[in-house]
Amino acid sequence: MKKYNPILILLVFVQSIIVLHAQQVEKSTFGVFALTNATIETVTKGRLENATVVIRNGKIEAVGPNVTIPADAQVIDCKGLTVYPGMVDSGTHLGLQEIESISVTQDYDEMGELTPEMQALTAINPNSVLIPVTRVSGVTSVIASPSGGLFPGTAALINLEGYTPEQMYAGFKAIVMNFPSTGRRGRYDRRTDEDVKKDSDKAIKKLNETWDRVKAYAAIDSSTNGKADYNPQLAALVPVYRGKATAMIEVNKESDILSALKWIKDNKIKAILTGVDEGWRVADSIAIAGIPVITGPVISQPTRESDRYDTGYKNAGIMHKAGVKVAIRTDDAENVRNLPFNAGFAAAYGMSKEDAMKAVTIVPAEIFGVADKIGSIEVGKDANIFVSTGDPFEPATQIKHLFINGWNVPLESRQSLLYDEFLNRSPGVTKESVPGKS
Amino acid sequence: MRNIIFLSLLFSFHLVVGQVPTGDMIIRKGTVLTITKGTLTETDILVQKGKISAIGKELKAPAGTKEIDATGLFVMPGIIDAHSHIGIDAVNEATNPITPEVKVGDAIDPFDMAIYRALAGGVTTSHAMHGSANVIGGQCQTIKHRYGLMDPSAFIFKDAPRTLKFALGENPIRVHGEGRGVQPRTRMGVERVIRNAFAEGQVYRDKMKAYELEKVKNPNAVPPVYNERYQTMADILDGKIIIQCHSYRADEILMLMNVLRDFGVKKITFQHANEGFKVAPELAAFGAMASVFSDWWAYKFEVYYSTAYNATILTRNGVVTSINSDSGEMIRHLYYEAAKTQRYGGLSDDEALSLITINPARQLGIDDKVGSIEIGKDADIAIFSGHPLSVYAVPQMTIVDGIVRFDKENDPSDMRIYIDPEEATPAYYGREEVDECMRGTDLMFNNRH
Amino acid sequence: MKRKFFLIPLFILGFIAVIIAQPVSEDLPQVTGCIALINAKVIAAPGKPVQVETIIMRDGLITDIGPRVKIPADAYRVPADSLYAYPAFIDAFSSIGVKNPDTDAPRGGPQGGPGNRDRNSHPAVDDEGNASLEDAGITPFRSVRPTVDIKEKSIADWRAQGFAIAHIVPKGKMIPGKGSLIILSGKKTDDLFWKEDISMFAQWSGAGDTYPSTVIGIMAKWRELYHNATQDLAQQTSYTNAMLVPRPHYNQAHEALIPVVKKDMPVYFRAPKVKDISRALAMQKDLGMKMVISDAEEAWYLKDQFKSGTISLVLSLALPEDKSDKKKDEAKAEEKDKKEAKEKNEEAMLRPAHAQPDATAQQPAKEKNVDSTQTIIKNTIKTDPEKEAFEKKRAQSLKEHYQQAGVLAKEGIPFSFGTLSGKSADFTKNIKLMMDNGLTSDQALSALTTQPAKLLGIEKNCGTIDIGKMANVIVSSKPIFEKDAAIRYMIVEGNLYEYEVKEKKKNSGKESASAKGLISGTWSYTIETPDQKREGTLEFTDQSGSITGTITSSDITSGNKELESIVLDGNTLAFTFDLDMGGQMMTLEFNLKMNGESFDGNVNVGEFGSFPVTGQRTSKPKN
């Protein structure tokens with residue numbers, strides 16, 4: 001028998017499903033929409049009751065209780081419903097991963113330690129089955145981030161709507177960096193203490209050496225008017241060195257966070273800290289350094305055996321209280337839809353509901369420099385909006401409508417289609433198919 | 001609370017095996033979510049010797065009974081996790097596709113911090129399971145979260161029926177077919193391995209029966225060589241053990257039901273059963289139950305065609321369904337995992353809460369003792385600041401057998417019982433993600449997944 | 001049997017004690033088979049008063065004892081005035097004299113192990129993945145004897161610590177095999193053995209990628225083995241006594257376990273940690289074998305379970321180390337304080353203008369917070385309450401480990417000591433630690449003599465100094481557990497071993513008290529390189545025999561400052577130091593001659609060559 005490559009078969013299979021799926025999906029529609037009689041959580045300008053939002057040309061044209069409904073608008077009555085700005089997940093693999101255990105569907109971890117020039121945007125799969133599943137919870141934008149080595153690549157902010165990565169791109173990119181860790185990777189990390197230390201010393205050395213070269217390369221680049229030798233790795237880091245591009249620095253352990261803050265200061269880098277699991281231990285230092293933080297998942301275990309059980313849940317709130325600008329992420333791919341619940345947990349454990357909402361809307365928008373476009377419901381901003389039956393952090397709440405860049409996106413996913421098909425399966429149980437009843 | 005833990009520590013030294021400490025208390029004026037008998041406002045629960053002895057308004061308690069004021073709080077039965085791997089030191093004996101004779105109850109770890117953390121999520125009972133490396137794994141152990149006791153046997157849920165792990169699909173195929181070069185390497189092989197094991201169990205059972213008969217006539221009759229593996233298979237055939245089967249795809253679920261039909265085995269709960277919704281009518285007709293994730297999917301190929309509506313579809317088709325954790329983190333917030341069924345399918349409050357209380361109790365065969373707030377049941381109780389299906393609800397206190405084992409306000413931060421005399425500062429572990437079901441199998445293969 | 005008075009050559013290396021005993025007269029021929037230990041202060045048994053007596057030993061036995069016994073004419077006279085005589089120690093559980101397996105046997109996975117995907121046949125379900133008994137580590141039929149070698153250094157090492165008898169067990173996995181009783185004296189391996197196959201040794205060690213690999217597999221396998229051995233025993237009896245009974249099937253492992261099932265042979269279950277112990281106890285409860293919990297480090301947790309006396313107990317002589325060397329901690333804390341203060345300064349500089357102190361009124365971080373998690377946050381430089389709490393717990397745990405023997409003794413629970421996990425070099429130190437934590441010297445002595453004698457069923461022959469007992473005697477300069485006590489003679493079944501007390505010359509990175517004065521303190525050094533003189537300071541500290549040192553120099557700006565491989569041999573001191581030269585690691589090897597308050601020597605710097613180095617002591621440690 002001829003041997004087929006099982007991976008190839010798999011891919012064909014997956015693709016055929018996507019095609020099949022695409023045929024069933026309702027299409028998004030573009031136009032003028034008026035969401036009327038709504039409660040509006042603007043996030044930046046308080047809550048408006050019995051108000052209207054008008055969407056035109058992909059933007060929010062009007063917001064308020066006394067807005068005249070344009071004649072050409074498609075009216076969506078939102079009585080009893082609440083309008084929110086779309087939520088932003090500040091750290092995911094969405095679009096870069098389809099199935100976690102199948103490496104050929106993982107596009108976030110390139111070979112090599114130093115690959116800052118790798119572009120996440122290149123590998124975003126706009127047709128990932130995971131994306132519609134994510135939208136149903138009101139998440140409209142995410143950071144799709146590479147991960148792996150010291151500088152694994154360039155992350156991108158994308159909107160969860162569009163047929164090409166360019167259509168999805170939402171105006172922010174950052175160089176991802178994994179700050180060398182002095183800790184173990186987990187309980188099952190079986191390296192000896194010496195090896196852990198050796199590895200981390202090596203990593204820090206490598207970082208500093210890399211940075212020395214970036215400096216040198218930048219100097220040559222300046223003195224030759226941009227005619228330095230072709231070196232995409234170093235070239236990609238030059239803007240960070242010059243403070244023109246942002247680095248998203250993943251760091252989690254207490255002492256590592258302090259080292260990272262010092263490194264950032266010493267090298268005068270525009271940075272965002274990500275992860276920051278033990279941020280609660282050094283919240284004041286982070287606040288004083290004035291570096292914003294993206295933390296999460298909130299729903300996570302403490303990092304040490306001796307830690308109080310809820311340190312993971314409280315971390316975001318403690319940092320926020322200390323004065324740190326905190327955004328929340330899921331660090332997930334298939335379950336980015338749980339972003340609102342992560343924010344909800346932060347709210348249950350010390351953050352106010354309002355601040356938790358900001359941590360998934362306006363705060364990330366500010367951190368990424370796109371607060372003029374997304375993160376709140378204000379006139380002139382992109383129409384990234386969802387309408388729900390109530391507080392979107394509450395599991396029982398239903399999301400009714402969702403707009404991205406003014407597109408009215410149907411809230412349908414493979415998961416909802418499977419529900420529709422199998423809730424009342426037909427045919428149901430037949431005599432032949434009843435095990436134990438033959 | 002510090003004193004209670006301390007006291008119970010003292011207690012443990014004097015424990016006779018099988019005896020566990022119990023307490024008396026009265027929980028006043030809470031909103032009581034009984035699960036099986038509706039919601040009662042401003043209601044008291046009287047606990048005596050670790051059992052619920054009365055439920056009602058303004059109950060009288062014997063003088064000196066510990067009072068817990070639950071005014072404004074929500075009181076629900078202790079949450080039950082039908083699938084976890086906490087509190088045990090060994091999860092997989094991954095050296096053979098068939099190991100029904102091993103018992104994770106032999107490896108209870110009383111010091112596992114995950115037990116305390118589960119208590120802090122309102123979970124009082126969990127089903128510590130063998131992993132999914134083997135087609136027929138080991139016997140599982142239903143445990144109560146009596147954190148603070150030193151004696152491993154004190155964690156055993158007394159008189160809980162025996163349960164045993166089966167596993168279908170990718171995991172046993174990876175470990176044995178791909179990793180060790182023995183059957184099964186396909187889902188066909190998985191079926192064959194199970195059929196072989198049951199057949200061997202039948203042969204063994206027949207031999208044992210013949211021997212028993214012979215022995216009556218002939219005192220010198222020779223017994224067959226004792227084989228704990230086949231004896232356990234025979235026990236399944238005799239209905240003494242509930243199968244708990246790790247499974248994902250609809251086809252393999254149907255396969256196992258067919259095999260069980262052929263061997264006359266009836267008691268089964270399918271674990272995970274991500275595609276259980278596709279064969280919900282068949283599951284219901286067989287009387288099989290399902291313990292599922294609320295929304296986990298796409299972490300491997302066999303769960304790519306999953307839906308978060310699984311629990312709802314199963315419930316609507318009459319399948320006794322629970323939501324489980326299989327994770328040291330998820331076990332801490334099963335109440336909110338259950339709440340997700342309200343987003344995905346709109347289950348009622350009682351339906352949603354049943355998924356983590358009375359239904360898992362049914363699946364583990366302990367619904368006569370726990371899983372609801374009823375007179376005569378064990379006083380395993382979780383008290384929340386708000387309605388437990390709200391994301392903002394925070395567990396305040398968790399009670400096992402009438403003893404407070406978690407108290408948010410009074411517990412110290414560091415709850416370790418066993419302290420390593422050589423480790424100065426507890427190590428940083430990071431936010432680890434471990435595939436609990438496959439714990440202990442890394443010896444078996446070199447690849448990452 | 002002919003008793004020979006012989007002295008075998010000994011190699012005692014790296015033997016650490018406050019006072020070093022070394023064997024002497026190694027090559028002299030034996031003089032006689034009779035020894036008279038004259039006028040020793042004899043402690044004949046634990047709890048017995050000291051009496052000045054003479055002990056006569058002949059042909060390996062104690063033949064006479066008393067204050068005025070007649071010394072036979074042919075006796076080798078050992079004057080022992082002012083010396084103390086004790087019954088020699090009995091090691092209840094050890095691997096003295098047992099060789100390490102030469103190489104790891106090839107891993108016995110099924111059908112050639114992992115990765116073999118091409119198989120045509122499939123064995124029966126029960127055999128699928130089941131390895132041979134050997135591969136599975138189930139070898140109860142094995143004796144320890146073939147793996148014993150008289151040349152093993154451990155024999156002389158432990159004898160030098162006072163041990164005359166040991167119960168030794170083989171190395172292996174789940175059930176490595178049977179233990180034997182040996183006498184720590186002899187010319188050839190066979191001479192060592194007294195009784196073979198007196199015990200079954202078991203432990204929680206799985207067979208890696210072979211069944212049983214985990215504690216749950218081991219437990220299941222024990223149940224099955226025990227059940228079948230029981231069944232085999234019954235069947236063998238019927239086969240012998242009745243007609244028409246088929247011949248019992250033969251299984252090597254079941255057969256070997258029959259004495260265990262009959263409770264003729266105890267199972268020595270190695271169970272150091274509390275969970276190991278509770279699991280072994282659960283197994284005993286389930287199966288009912290005669291069990292000795294062995295190598296226990298944490299038995300006090302479960303002390304009630306030993307009160308009934310059905311389970312015997314052998315405690316480990318290994319103790320956890322106190323890793324919080326106080327001085328080190330203090331030094332580190334100081335360094336850390338400085339560092340943190342520096343960081344704090346830097347942070348202050350980092351503080352953005354809008355967050356200057358005048359704005360702190362609005363800083364939520366300054367709010368008083370009662371939340372218990374938040375109080376942990378480091379908001380002070382000097383103290384870290386979290387770390388202090390950890391340290392307190394750890395110190396308490398350490399203390400409990402040290403108190404184990406004392407606590408159990410106080411509870412009246414009998415126990416012996418076993419050397420399996422202990423190091424001979426730590427023996428004295430650890431016994432003293434236990435005595436500092438509640439164990440009395442009588443209790444210690446009985447756990448090393450009469451208790452193990454009873455446990456091993458040799459109390460008629462061993463454990464005390466009495467007429468008719470085996471001539472196993474320790475002769476020491478002071479009461480045996482006292483500080484600075486040194487063993488002068490060991491008599492093992494009438495064979496005399498003499499030890500000379502002298503300051504130790506040879507050393508392996510650790511040093512005796514005399515070294516303290518030699519190098520402790522701060523030294524300045526100068527290395528003469530062709531282009532310049534390089535200067536700095538060296539600091540040495542000596543904590544209970546272990547020398548540590550650091551180097552400070554303006555040349556060394558990054559990386560580790562700890563000195564490594566410090567060896568003091570007489571007055572020569574050698575150590576190495578890894579220097580980070582802009583990313584390149586370079587090992588500096590120092591070889592110094594210490595001349596009181598100064599030193600000279602050279603330093604080797606890899607390919608750069610060797611340079612002269614000189615130095616002076618600038619300060620001595622304060623005590």
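**Close-up views of a predicted model**

**View 1. Chain B as a whole.** Of the 449 residues in chain B, 70% are buried, where buried means under 20% relative accessible area, exposed over 50% and partly exposed in between, with a 1.4 Å probe and protein chains only. This is a predicted model, in which local features need pLDDT of at least 70 and side-chain atom pairs count only at pLDDT 80 or more, while totals for chains, interfaces and linings use all residues. Residues are numbered from 1 along each chain as its sequence is written, chains are lettered from A and ligands numbered from 1 in the order in which they are written, and side-chain values use heavy atoms, with hydrogens and water left out. Chain B contains 11 helices and 16 strands, these being DSSP runs numbered from the N terminus (helices H or I, at least four residues; strands E, at least two). The radius of gyration of chain B is 22 Å, in agreement with the value near 22 Å for a compact globule of 449 residues; this radius is taken over C-alpha atoms, and the globule rule is 2.2 Å times the number of residues to the power 0.38. Along the principal axes, the C-alpha atoms of chain B fill a box of roughly 60 × 55 × 50 Å. Among contacts in chain B with a separation of 6 or more, 72% are between residues 24 or more positions apart, contact meaning heavy atoms within 4.5 Å.

**View 2. Strand 1 of chain B and its partners.** Strand 1 (residues 25–33) of chain B is mostly covered, with 8 of its 9 residues buried. Strand 1 of chain B runs antiparallel to strand 2 (residues 39–48) of chain B, to which 6 bridges join it; two strands pair if DSSP finds at least two bridges between them. Within this pairing B:Ile27 stands opposite B:Ile45, and the two strands form a hairpin with 5 residues between them, where B:Ile35 in the turn has a positive phi of about 80°. Strand 1 of chain B also pairs in the parallel sense with strand 4 (residues 67–69) of chain B over 3 bridges, and here B:Arg28 stands opposite B:Asp69. A further 2 bridges join strand 1 of chain B to strand 5 (residues 74–77) of chain B, again parallel, with B:Thr31 opposite B:Phe74.

View 3. In chain A, one aromatic cluster is formed by A:Phe151, A:Phe179, A:Trp211, A:Tyr241 and A:Trp263. The charged end of C:Arg145 sits over the ring of C:Phe193, 4.7 Å from its centre, the criterion being NZ of Lys or CZ of Arg within 6 Å of the ring centre and within 35 degrees of the ring normal.

**View 4. The surroundings of C:Ser446.** C:Ser446 lies in helix 11 (residues 441–448) of chain C and is buried, with a relative accessible area of 17%. Leaving aside neighbours within four places in sequence, C:Ser446 is in contact with C:Pro46, C:Gln451 and C:Pro452.

Terms used. Phe/Tyr/Trp six-rings, centres within 6.5 Å; stacked < 30°, edge-to-face > 60°.
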